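Reader: I'm new to this one. Could you walk me through its charged pairs and how they get their labels?

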Amino acid sequence: IRELDQALSQAAAPRDMRIVRGVGRADPAAKLGRRSKVMRYDQFASFSLESLTPTKFAEGAPRLLIEAKVPKGYTGVAYVNRVPDLDHLEHEFIFRPGTRFRIVDRIEDAHEVRIVVEPIAEPGRRARIAPRRARRGDRS
């Protein structure tokens, strides 16, 4: 887990994106009050590019979706396309544990509650890349 967190700390969003997460009633987003301004995921949080995929995970009625607006260059999120051990495509973005999101909008109708969020860039959370150590026989 530490290695995944370190890798995510060095990754950055390649472009502005809108990604979606379908959630159940146990998700922190389901417990937000109408006046909440910030939410946080203490574990890795996955969001999807595919608009239909997240609805599978949205439990209950109305279904609950989190839409994240991620700016180009935001660090702490990485795209996972394929998981070799599972041999299937994922098409999802993984955020680091502890990521906080600013709530910018809440859109509701009879079938869906969509909470629109933006990740909050937090100074000091980006890992520094250690300098490469010279190996024996390395003449650089």
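This is a predicted model: local features need pLDDT of at least 70, side-chain atom pairs count only at pLDDT 80 or more; totals for chains, interfaces and linings use all residues.

Author: Happy to. Let's start with a definition: buried means under 20% relative accessible area, exposed over 50%, and partly exposed in between (1.4 Å probe, protein chains only). Residues are numbered from 1 along each chain as its sequence is written, and side-chain values use heavy atoms, with hydrogens and water left out.

Reader: What makes Glu118 and Lys69 a salt bridge?

Author: The rule asks for a side-chain nitrogen of Lys or Arg within 4 Å of a carboxyl oxygen of Asp or Glu. Here the closest N and O atoms are 3.7 Å apart, so the pair qualifies. Glu118 lies in strand S8 and Lys69 in strand S4, so the pair ties together parts 49 residues apart in sequence. Strands (E, at least two residues) are DSSP runs, numbered from the N terminus.

Reader: Why does Glu112 count as buried?

Author: Glu112 has 15% relative accessibility, and buried means under 20%, so the label holds. Its salt-bridge partner Arg63, with 3.2 Å between the closest N and O atoms, is partly exposed at 32%.

Definitions and conventions: Helices (H or I, at least four residues) and strands (E, at least two) are DSSP runs, numbered from the N terminus.
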